[in-house]
Amino acid sequence: MLATLVTAVVDGLQGSLVRVEVDVAPGLPACHIVGLPDAALSEARERVRAAIRNAGFEYPASRITVNLAPADRRKRGAAYDLAIAVGILVASGQIRAEQGGWALLGELSLDGSLQPIVGAMPMVATLVAAGQRRIVLPRPNLAEARLVQEAEAVGVVGLDDAARLVAGPRGRRAAQAIRREPARVSSPAVQAEASRPVPPAEDSSVDLAEVRGQPGARWALEIALAGGHNLLLTGPPGAGKTLLARSIPSLLPPLDDREALEATVIASVAGLLREPTDLRRTRPFRAPHHTCSYAAMVGGGSRVAPGEVTLAHRGVLFLDELAEFDRDVLDALRQPLEEGSVAIARVSGQVRYPAQVQLVAAMNPCRCGYAGDPQRACTCGPHEPERYVRRVSGPLLDRLDLRVAMRRVPVEALLGGPAPEASATVRERIAVARAAAMARNGGRPNAALSGSAAMRLAALERPAMARLQQLAMRDGSTARGIHRIVRVARTIADLAGRATVDESAILAAAGLRDPAALPPQALAA
Amino acid sequence: MASSREAERDAWLVLAAVEGVGPRTLSALVGAAGGAAAVLTRAGRGDWRWLPPELPLAPQLRARLHAAHRPAPFAALAARMGLWMLTPLDASYPARLGVLPDPPAVLFGRGSPEALRGEAAVAIVGTRHPTLLGRALASDVAALMAGCGAVIVSGLAIGIDGAAHAAALRAGGTTVAVIGAGHGHGGPRAHRALEAAIVAQGGAVISELAPATPPTRGTYPRRNRLLSALSDAVAVIEAPARSGALNTAHHALEQGRPLFVAPGRPSDPATAGCLRLLRETEARVLTGPLELLEDLGLSVAPVRAARGSPGEPAGRAAALAGLRGGERLVAAALCEAPAGLDRLVERTGLEPGAVSGSLALLQLRGWVQAIDGTFLVAGVLSHP
């Protein structure tokens, strides 16, 4: 007898439908899974057999063939367990499947209970989009599934529940199946662990009120976040680069509905969603350590998963100690920074993840940290500072529109001085400026404007234009350098609540541009 | 006649290429035999009777001289690399090198040999890892000297040397780099572009070593004697206790070249070597670019003229008085000490945007320069 059920596979962030066909036929007892399964999926055989028996059903002593169609697509993971198990029950005549039945998602334990799966949300979205609205999935994934509109998702605890649902009121054996208790655990310690509420993500964020001094760097950060400009903070150890960057989460505006859905899908695929779950409203801030591997940064690995650039989609990717990252890892960032997405090529096909990130980086000017210090001599060898900076490739440095050199805060500023502004105040200004920019630019931050669009939308006042021309002539700036000044000036004007860009904004932006772009440095070491 | 002079020069080059024959031996041999060609002819015949008793040549050296033949082994490589060669037999050999007991037998060079015989030449040397202030001082001195026509001589190293060469070029001047290895090995890779710019702007990059000679421990100290010999004065900008610049300074004293040393704070290791020079030798204190100009007897007037803009104020005070608003506050703060954006905001009490804008204006005027995010006074503001 043959049974056909529907489930889904997720590839990148897109899901696609998979049909699970189970045939139970007379012959020597055996179970074959065909249709490009990976190792975890091939092991479904063993899990399914034990789960069926322990849930109070009978595992047929027949020849079982499971086909996952379309057969040419590689399938990974354990999310098909439930569909395979229910398929065997239907095919062996133990339960009868209702017409227009359910799609099934879930991993089985040997005792017949269900384990949560990774990427449930895009799978549910795929099924709903294909007209398959009734979906059975593990209860921990239910909240996630309900984020998808029009989904009629039911969360179940064990195989028996799923069987009852599929069989409907006319189920025969299903009604007698053993009732599974949720979260049956062996030892009290494990039980305690399981019942403990998930601790909120460790909040290492800093309020700007705790950052003393550094008025220039704070200002640059405000501009960067309001306009989406990439920012590089340089300075000796102890200058407060990391502390300042840690205040970014408290300054970012929340995600809107569309962005929140995207972020939640990404979190779901990365397996980062936990119960109780809701749409991710906070803008991502990712700070991978500099030992981060290539696959961890851009995504990939044997089981293709999104990397840090994707997890930071529509948010901020903070790279502390930029020069200490592997060269390959940094060079891999160029594609996402240019295209806003990252493509991972595999033999089995290409996966594309979104990766619109704003890059904030921090680095020492050299290994000892004192190169360029007005008073203290750098103790590095003669070529070292240059070599140190060169570990970051030119094209990547070129993408960092704003560069601020930070110095250690003098003691008097640390202990006294006026109380710095708190994050809430600055966040308000950033949100207003960002909203103004988005409305004017058609939903894009100023940093994402093309050169011509920047010139058109910046609304330069006449004196500002004259000043810009003067700057361009004096420094022999490239078109790219000029557009960079205009974009930053546009953000400065947005923060000031001005509709047009005046001369002072152009000058302020020019003062912030990359110092190394000035001609006197062209010839110096 | 011309051909015999050429033959003599060729023979000189052949002798200079013989391993173990340095400038001293070479001139002694040529003196004893009455000409380089004569040395070669006699050595070829195995005739050594003409050797004076105070010049007993080792047997290996005699054998090498005996086997030497034209053309000199390095000549082909030098030609391929586009190098010119100067020997003391050439009229354009720099006369300043006469101060040396052992002037180089051959100078290999790129660029313009005339740069070696400029009216005035100043060597600017210092450490390979300078502070920002040291780098700025080197640039200022080099720019001013080059601006009034002096050739800036230095060693093409990273640090003070590079800053001096680059500043001289920016000032539209001529500069000469003396490297401590053969041209085939050249200067630091990071300075390839600088090297090309020096040549393109009428300067020269020279070495007394054959093109294939690699740099070794001994080549740099020997090179240093050329830095001072090719200059009318030597300025040491920043030298820690152990520095090649100190070696150059001692050569300058031996050769009777005026030596100017920029002082530093007594506790500062970056200038420990400078202070020792000032204490232990007759070196003079370098108090600023303009004073150095006066001490050298060069006129300041053409500099002011060369700086162009007739409205340019005469000094820092006048320049500051001509500024208004934020620009004036920022400029005054920078005159006290170089600073980054953060410090300037704190010192002036202005909004960061206003400080940044003022800095842009001051940079447009050429009165402020930015190095790695620290801002320093430049131009007229750096001459109190």
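Strand 10 (residues 231–234) of chain A and strand 18 of chain A are paired in the parallel sense, over four bridges, and within that pairing A:Leu233 has A:Val404 of strand 18 of chain A as its bridge partner. The model is a predicted one, and the description that follows should be read with that in mind. The two strands belong to an open sheet of five strands in chain A, whose order is 11-14-17-10-18 and whose pairing is parallel. Strand 11 (285–286) and strand 18 of chain A are the edge strands of this sheet, each of them pairing on one side only.

Strand 1 (residues 2–11) of chain A and strand 2 (residues 14–25) of chain A pair in the antiparallel sense over ten bridges, and A:Leu2 stands opposite A:Asp23 of strand 2 of chain A. Two residues lie between the strands of this hairpin, and A:Gly12 takes a positive phi near 70° there. Strand 1 of chain A is largely enclosed by the rest of the structure, because seven of its ten residues are buried. As background to both kinds of pairing, the strands of a sheet pair through backbone hydrogen bonds, either parallel or antiparallel.

The crossing of helix 8 of chain A and helix 18 of chain A is right-handed. On the side of helix 8 of chain A, the contact is made by A:Glu222, A:Leu225, A:Ala226 and A:Gly227, while helix 18 of chain A contributes A:Val426, A:Arg429, A:Ile430, A:Ala433, A:Arg434 and A:Ala437. Sorted by class, the contact of helix 8 of chain A with helix 18 of chain A holds six nonpolar, one polar and three charged residues.

Some of these elements return where the two chains meet, in a contact that takes 41 residues from chain A and 41 residues from chain B. The elements of chain A that give two or more residues to the side touching chain B are helix 8, strand 18 (402–405), helix 20 (462–475), helix 22 (503–511) and helix 23 (520–523). Helix 22 of chain A supplies the largest share of that side, with five residues. By class, the side of chain A that touches chain B has 26 nonpolar, ten polar and five charged residues.

Among contacts in chain B between residues at least 6 apart in sequence, 70% join residues at least 24 apart. An open sheet of nine strands in chain B has the order 1-2-6-5-4-3-7-8-9, with mixed pairing, and its edge strands, each pairing on one side only, are strand 1 (84–86) and strand 9 (284–285) of chain B. Within the sheet, strand 7 (residues 233–236) of chain B pairs with strand 8 (residues 259–261) of chain B in the parallel sense over three bridges, and B:Val236 stands opposite B:Val261 of strand 8 of chain B.

Helix 6 (residues 132–147) of chain B lies across strand 3 (121–125), strand 4 (151–154), strand 5 (175–178) and strand 7 of chain B, and runs at about 170° to strand 3 of chain B. Helix 7 (residues 160–170) of chain B lies across strand 3, strand 4 and strand 5 of chain B, running at about 160° to strand 4 of chain B. Helix 10 (residues 244–254) of chain B is mostly covered, with eight of its eleven residues buried, among them B:Leu246, B:Asn247 and B:His251. The cover over the buried residues of helix 10 of chain B includes strand 3, helix 9 (219–229), strand 7, strand 8 and helix 11 (272–280) of chain B. After helix 10 of chain B comes B:Gly256, with a positive phi near 75°.

Conventions. Residues numbered from 1 in each chain as written. Chains lettered and ligands numbered in written order. Predicted model: local features only at pLDDT ≥ 70, side-chain atom pairs only at ≥ 80, totals over all residues. Left-handed = near helix turned anticlockwise from the far one by under 90°. Contact = placed C-beta atoms within 7 Å. Nonpolar A, V, L, I, M, F, W, Y, C, P; charged D, E, K, R; others polar. Buried ≥ 20, exposed ≤ 12 C-beta atoms within 10 Å, placed from the backbone. Pairing = 2+ DSSP bridges. Axes fitted to C-alpha atoms, helices over the stretch in contact; angles between N-to-C directions.
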